[in-house]
Amino acid sequence: MPQVSSDEAVVRPSDLDTINLSVARATLKVRSFGLTDPGTVRDTNQDQFLIGVLRKALEVQQTSLPQPKVQHACDQGYLFVVADGMGGQAGGERASALAIDSVETFMLETLKWFFQFKGKEEDKVLAEFHSALGQANARVLTEAAKHPNLRGMGTTLTLAYSLNDLLFVAHVGDSRCYLCRQKTLYRLTRDHTLVQDMVRVGSLLAEDADQHRLRHVITNVVGGDSAEVKVEVHKVHLEADDAVLLCSDGLTNMLADEEIARILQAEVDPERACRRLMGRANEEGGQDNITVMLARYESA
């Protein structure tokens, strides 16, 4: 005989929390665009990026009702990832591609992204993104161990994920995530470089960091020569008219934050803003691969 567990309950409309789920969080419409370019100096591009939308879907196999074959829930998650590879041409390209592929797998197979985040659940998501970048690190290290010519390869990895009005950021390396709100540009991530460590402990002035000869030395990457990776995470509540920018250091080494902010204010359309930022970085020398992604959040 089958083992059957049974129960019965009386349910009234006033007992249901689910009827209020649609208004539990502010719903924001998202417009986004991204692009990458090798720059004017390098022949290859070791940057990789990803813009993705996660939807909860019901695929109807058969029904007697006149309705679409696929139905989607109201909530949508938005994923933005940039990775800047290093370790030679083959190694850098491979490391950045592996890291983004690992993030995709995590989002699909591990993160319960469609839950309504409340209280401790928000903090749990941050902990899960620690694991996501840790898994990416393990995958790059495993691949490097199999192929001697890829040994030491690594990549930066900066991830932003939003659901309704919540933004989660996970970060390793010197790519960056910015929030632009009310004409002010806020840098959400910290550069994991030797120079920034020197600034933090007071051995170097902040105004001297951009010209220091060791400014490109990265102290924390996905992969590389260390089995450990330090994952920086952040949580931000978004508002209508916010903009989130992710980019590799090919942009920020060429343009100051002040100019980036001016362009974001002048160009409302995400594609026009990205192309203008890319063009200005190349005009200033384009000494490295350049990747730019912009998401604008608007009232639905």
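How much space lies in the largest pocket? In this predicted model, in which local features need pLDDT of at least 70, side-chain atom pairs count only at pLDDT 80 or more, and totals for chains, interfaces and linings use all residues, the answer is about 890 Å³. Residues are numbered from 1 along each chain as its sequence is written, and side-chain values use heavy atoms, with hydrogens and water left out.

Rolling a probe the size of a water molecule over the atoms shows where empty space is left. A pocket is here an open set of points, on a 1 Å grid over the protein atoms alone, where a 1.4 Å probe fits and where protein lies on both sides within 12 Å along at least five of seven lines; a cavity, by contrast, is a set of points from which the probe cannot get out, and lining residues have an atom within 4 Å of a point. Grid points are joined across faces, edges and corners, and the volume is the space filled by probe spheres set on the points. The lining of the largest pocket is made up of 32 residues, and those nearest its centre are D210, R215, H216, T252 and N253. Two or more lining residues come from each of the elements β3 (70–86), α3 (194–201), α4 (249–252) and α5 (257–266), where helices (H or I, at least four residues) and strands (E, at least two) are DSSP runs numbered from the N terminus. Sorted by class, the lining holds 12 charged, 11 polar and nine nonpolar residues; Asp, Glu, Lys and Arg count as charged, Ala, Val, Leu, Ile, Met, Phe, Trp, Tyr, Cys and Pro as nonpolar, and the others, Gly among them, as polar.

Helix α5 also has a buried side, with E259, I260, A261, I263 and L264 classed as buried (under 20% relative accessible area, with exposed meaning over 50% and partly exposed in between, for a 1.4 Å probe and protein chains only). The buried residues of α5 pack against β7 (176–181), β8 (184–187), β11 (243–247), α4, α6 (270–283) and β12 (290–299), contact being taken as heavy atoms within 4.5 Å.

Salt bridges, defined by a side-chain nitrogen of Lys or Arg within 4 Å of a carboxyl oxygen of Asp or Glu, number 17 in the structure. One of them joins D257 to R176, with an N to O distance of 3.7 Å, and this pair links helix α5 to strand β7 across 81 residues of the chain. D257 is partly exposed at 23% relative accessibility, whereas R176 is buried at 9%. D257 also forms a salt bridge with R187, the closest N and O atoms being 3.1 Å apart; because R187 lies in strand β8 and D257 in helix α5, the pair ties together parts that are 70 residues apart in sequence. R187 is partly exposed, at 37% relative accessibility. In a further salt bridge, the closest N and O atoms of D242 and R181 are 2.7 Å apart, and since D242 lies in the loop between β10 (232–237) and β11 while R181 lies in strand β7, this pair ties together parts 61 residues apart in sequence. Both partners are buried, D242 with a relative accessible area of 1% and R181 with one of 18%. Salt bridges also link K29, R31, D269 and E298 in a network.

L28, in strand β1 (residues 28–37), is buried at 12% relative accessibility. Leaving aside neighbours within four places in sequence, L28 is in contact with N164, D165, L238, E239, A240, Y297, E298 and S299. N164 is itself buried, at 11% relative accessibility, and is found in the loop between β5 (157–163) and β6 (166–172); although N164 is not a glycine, its phi is positive, at about 55°. A positive phi of about 70° is likewise found at K183, which is not a glycine and which lies in the loop between β7 and β8; K183 is exposed, at 66% relative accessibility.

The structure holds zero disulfides, a disulfide being a pair of cysteine sulfur atoms within 2.5 Å. For C180, the nearest cysteine sulfur, that of C177, is 12 Å away, and C180 is buried at 8% relative accessibility. C274 is buried as well, with a relative accessible area of 0%, and its sulfur is too far for a bond because the closest cysteine sulfur, in C247, is 9.9 Å away.
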